[in-house]
Amino acid sequence: MSTDGNRSRQWFGETGRSGFIHRSWMRSQGFTEEVFDGRPVIGISNTFSEFTPCNAHLRQVAEAVKRGVWQAGGFPVEFPVMSLGETLLRPTAMLFRNLLSMDVEESLRGNPVDATVLLTGCDKTTPGSIMGAASVDLPTLVVTGGPMLNGKFRGCDIGSGTAVWQFTQDVNAGRMSHADYTAAEAGMSRSNGHCMTMGTASTMACLTEAMGLALPGSAAIPAVDSRRYATAQRAGQRIVEMVGEDLRISRVVTGAALRNAVIANAALGGSTNAVIHLLAIAGRLGLPLRLEDLDAWSREVPWLADLQPSGRFLMEDFYYAGGLPAVLAELTDLLDDRAITVTGDSLLSTVTSAARVADTEVIRTREKPLGLGAGTAVLHGNLAPDGAVVKQSAVSARLARHRGRARVFTSIEEYDSAAEDPELDVDADTVLVLQNAGPRGYPGMPEVGNLTIPRKLAEQGVEDMVRISDARMSGTAYGTVVLHVCPEAAVGGPLALVRTGDWIELDVEARRLHLDVTDEELARRRDEWEPAPAREQRGWAQLYTDHVLQADQGCDLDFLVGASGSTVARQSH
Ligand code: FES
Ligand code: MG
């Protein structure tokens, strides 16, 4: 392994005053001087936080990574970065994804790091960390914390998030008691790990593996399975080798790798949020990825993973059934064989050599898919000139082609109180339209797009309605929910011009989202439209609203697109 050229030599290899400073203070931690002999310094970027329960065990995972780094002759240095917990952070963790990316980027660039292992788990922590690392372009390997064990309640498996949406609807409809509802809390989240449905965390863990950034077979290992720690140790060994091979993230995450990730997402019935994150990651690496590509690449992909929220099973079952490699092994003809993984081998060779489906109920074979082209569809029309998305595997057959009258809400708070009103003027065919929940409007594009069914209709047994917004929805949610409408209402997109009573047409198959209002009338409404007065803001929220891109461009900040590399010209002393 070549070590002289290592970037960290610019710090620890210096002989004069600066070298003294760089080494001496590190020695306060009790390291012997061999750590400065030129061996690769591996920065372990840790999104651990007790406010992010999904990532709360990542310090233990870091210890396993360190074992591997030491074993392979590297010097592991763990550092904390901002942690984004989906369940607690207000107004939405998405508001801070780009802030995490900046934290990761600057921490890597400014420190004596030769390569990095990113420890992630909860939804935004994975894409945020990858985006930051991509803008520095060092050898990079991702270790996710793994999913929780299956939730259990009254002898049944219950899925993170998905069961919350279901139970809440059951309580509203009088089918479940409050006591049972509370009891289910404890059974749902009963071990370390991230959501164990195919929500955004599991989706991003799998797509990270599909794009080659994680060790093959690692994404689905439950957080508490000993093999999670073994794979973390293996990652520590491998990242040291990657320094010698100069296997940078830009060599792994190529256009071919992104395409494989999109195909995997379609086969998994993965989260709509992945669309935004993949676009943002592509932007950092200068790769041309458009919303339309995601739709086109997904069209012929069979939906194979029968996982909640779209299907039946949970991540523990998925792991035992073969996990992502087994899914990919069914898709070898669709995968791009130019893509390599952090192992240095092609994804395709990794998949074909080892993987097979062990349970065809959980992972369908190519011959018996759950559907075809059931991934995230990209819709266009006068209501979404720059696109909108819908998760086809979660759409009700009754509503896939639908014409209904709009009932418009200008804020989620307005909707939430109206939804309780027994007199609300809606029926099962009404199209619920939510405005001002986009990246700038909220700000931060929260996961509120899966509006709960109005109580009055829930009590009548209505389980799904067409809902349209510029918001996102949780990857654990489901329903005929059109999301990410671009441009968003707050910047004057046509969504802002919809009025209660307008007819709206949705045709998922035809990829069409149409507001049945004449162009003249829309122009007239546009003249009348006034942007909402700017909320009083300062700090991050101000910077974010001033610079955030629309969802069709990944919601990155405009000045963060691209990369600056790993060079820092100036000294600190
Ligand atoms: Fe963290 Fe779902 S809340 S992954
Ligand atoms: Mg989420």
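Biologist: Where is His 484?

Modeller: His 484 sits in the loop between strand 14 and strand 15. Strands here are DSSP runs (E, at least two residues), helices are DSSP runs too (H or I, at least four), and both are numbered from the N terminus. This is a predicted model: local features need pLDDT of at least 70, side-chain atom pairs count only at pLDDT 80 or more, and totals for chains, interfaces and linings use all residues. Residues are numbered from 1 along each chain as its sequence is written, with chains lettered from A and ligands numbered from 1 in the order in which they are written.

Biologist: What makes His 484 worth a remark?

Modeller: Its phi is positive, about 60°, although His 484 is not a glycine. Most residues other than glycine have a negative phi, and most peptide bonds are trans.

Biologist: Which peptide bond is cis, with omega near -10°?

Modeller: The one from Cys 486 to Pro 487. Pro 487 lies in the loop between strand 14 (481-483) and strand 15 (503-507). Another cis bond joins Tyr 442 and Pro 443, with omega about -5°. Pro 443 is in the loop between strand 12 (431-434) and helix 18 (455-459).

Biologist: Why are helix 3 and helix 9 called oblique?

Modeller: Helix 3 (residues 58-71) and helix 9 (residues 226-245) pack at about 40°, with axes 6 Å apart. The axes are lines fitted to C-alpha atoms over the stretch in contact, and angles run from 0 to 180 degrees between N-to-C directions. Under 35 degrees counts as roughly parallel, over 145 as roughly antiparallel, 65 to 115 as roughly perpendicular, and the rest as oblique. Therefore helix 3 and helix 9 are oblique to each other.

Biologist: What is the hand of the crossing of helix 3 and helix 9?

Modeller: Right-handed. That word is used if the near helix is turned clockwise from the far one by less than a right angle; anticlockwise is left-handed. The contact includes Val 61 and Ala 64 of helix 3, and Tyr 229 and Ala 232 of helix 9. Residues are in contact if their C-beta atoms, placed from the backbone, lie within 7 Å.

Biologist: How many residues of each class are in the contact of helix 3 with helix 9?

Modeller: Nine are nonpolar, five polar and three charged. Ala, Val, Leu, Ile, Met, Phe, Trp, Tyr, Cys and Pro count as nonpolar; Asp, Glu, Lys and Arg as charged; the others, Gly among them, as polar.

Biologist: What makes helix 4 oblique to helix 5?

Modeller: Helix 4 (residues 97-110) and helix 5 (residues 125-134) pack at about 40°, their axes 7 Å apart. That angle makes helix 4 oblique to helix 5. Their crossing is right-handed. Among the residues that meet are Leu 100 and Met 102 in helix 4, and Pro 127 and Met 131 in helix 5. By class, this contact has seven nonpolar, five polar and three charged residues.

Biologist: How far apart are the centres of domain 2 and domain 4?

Modeller: They are 32 Å apart, taken over C-alpha atoms. Domain bounds come from an automatic or database assignment. Here domain 2 is 39-149 + 194-300, and domain 4 is 375-531.

Definitions and conventions:
Contact = placed C-beta atoms within 7 Å.
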